[in-house]
Amino acid sequence: MIAEPIRVLVTGAAGQIAYSLLYSIAKGDVFGKDQPIILILLDIPPMLPVLDGVVMELQDCALPILKEVIPTDKVEVAFKDIDAAILVGSMPRKEGMERKDLLKANVAIFKTQGAALDKYAKKTVKVVVVGNPANTNCLIASKSAPSIPKENFSCLTRLDHNRACSQVAMRCGVSSDQVKNVIIWGNHSSTQYPDVHHAKVNLQGAETEAYQAIKDDAWLRGDFISTVQQRGAAVIKARKLSSAMSAAKAICDHMRDIWFGTKEGEFVSMGVYASGNSYNIPEDLIYSFPVQIKNKTWKVVDGLPINDFSRAKMDATAAELVEERDTALDFLSQ
């Protein structure tokens, strides 16, 4: 029995993150090795010739589950009956650009895409927003798609989560799969709070609290946090381009966990709708929490003990998100 193809949309599809991402999706790393896929690639009109090149390459990969590739610059084509949307395309910050101007440009983009989701997509569609400012873009898209459940929207903080895991693993001299339950709280920005108070490291077969495994509180409360917060900038400085390979890998991890669920006893970080959480985070934000996922449904891991150090950091990133949201909603109402 061959499964029906699912329709997967990637926006900003001619860009460099998509270039790393599309191959992984098309070869079955995200939705499964035997799940046929129709890939829909959306970009702006000037990028269509580039998109044609990407389509040729996808064809030339000769991938068995890739049934069709549809390049387009029209939202009514792109969003039609889709099962999953990975919204990578956004207005990037240009040199000397105020964050406010960046927000204004992105509100327009994500209002349009939210409206297109509302009008054309399946109501069960799972939407992941990658384009920055990701949390606020995700909120705007969700508000512009009132007929799609808020729970179907999430934004990517898995790259930060993976960065934090990797830093802990390197520090302990283990591979990154031996580290679990790090948390990214808040905004996908330099105010995010990478938290390892609940993380465990597998050392020679024994699960050890991260703080005990590392035995260096000063590093964990100082350089570790700033390294994760500033990692994107460090990559740009070195490569002269923003993270693409690692971003694509994180998108795959995020979407695969939505599709297939998280492992028993483990949680991952994603930006989700902050209603009714036990951490006193203001409602009506997309905020990164630890979540567990089952049957394509996420649940915030509630009730973790939070010390004063963590509390201050969680509140600071929430304050930034509130300010971003209020600015964005002003633009939205104009």
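**From the N-terminal domain to the annotated sites**

UniProt, in an unreviewed entry, lists residues 7–153 as "domain: Lactate/malate dehydrogenase N-terminal". UniProt positions follow the numbering used here, feature names are shortened, and annotations may be inferred rather than shown by experiment. Helices (H or I, at least four residues) and strands (E, at least two) are DSSP runs, numbered from the N terminus. The model is predicted, so local features need pLDDT of at least 70 and side-chain atom pairs count only at pLDDT 80 or more, while totals for chains, interfaces and linings use all residues. Residues are numbered from 1 along each chain as its sequence is written, and side-chain values use heavy atoms, with hydrogens and water left out.

The chain as a whole comprises 11 helices and 14 strands. Its radius of gyration, taken over C-alpha atoms, is 19 Å, close to the 20 Å that the globule rule gives for 334 residues, so the chain is as compact as a globular protein of that length. The globule rule is 2.2 Å times the number of residues to the power 0.38. Along its principal axes, the C-alpha trace spans about 55 × 50 × 40 Å. Of the 334 residues, 52% count as buried; buried means under 20% relative accessible area, exposed over 50%, and partly exposed in between (1.4 Å probe, protein chains only). Contact means heavy atoms within 4.5 Å, and among contacts between residues at least 6 apart in sequence, 73% join residues at least 24 apart.

Two helices illustrate the buried part of the chain. In α5 (134–143), nine of the 10 residues are buried, among them A134, N135 and T136. The cover over these buried residues includes α4, β5, β6 (153–155), β12 (268–273), β13 (286–294) and α11 (308–333). Helix α6 (residues 158–172) has 15 residues and reaches 21 Å from its first C-alpha to its last, close to the 21 Å expected at 1.5 Å a residue; the expected span is 1.5 Å times one less than the number of residues. In α6, 11 of the 15 residues are buried, so this helix is largely enclosed by the rest of the structure. R158, D160 and R163 are among its buried residues. Just after α6, G173 takes a positive phi of about 70°.

The annotated positions come next. For "binding site", UniProt lists R93, R99, N132 and R163 in an unreviewed entry. These residues span 71 residues in sequence, and the farthest two C-alpha atoms are 24.3 Å apart, so they do not all gather at one spot.

R93 is found in the loop between β4 (84–87) and α4 (99–120). N132 lies in the loop between β5 (126–129) and α5, and is partly exposed, with a relative accessible area of 34%. Leaving aside neighbours within four places in sequence, N132 is in contact with S90, M91, N106, N137 and H188.

H188 carries the UniProt annotation "active site", also from an unreviewed entry. H188 sits in the loop between β8 (183–185) and β9 (193–195). Apart from neighbours within four places in sequence, H188 is in contact with N132, N135, L156, T157 and D160.
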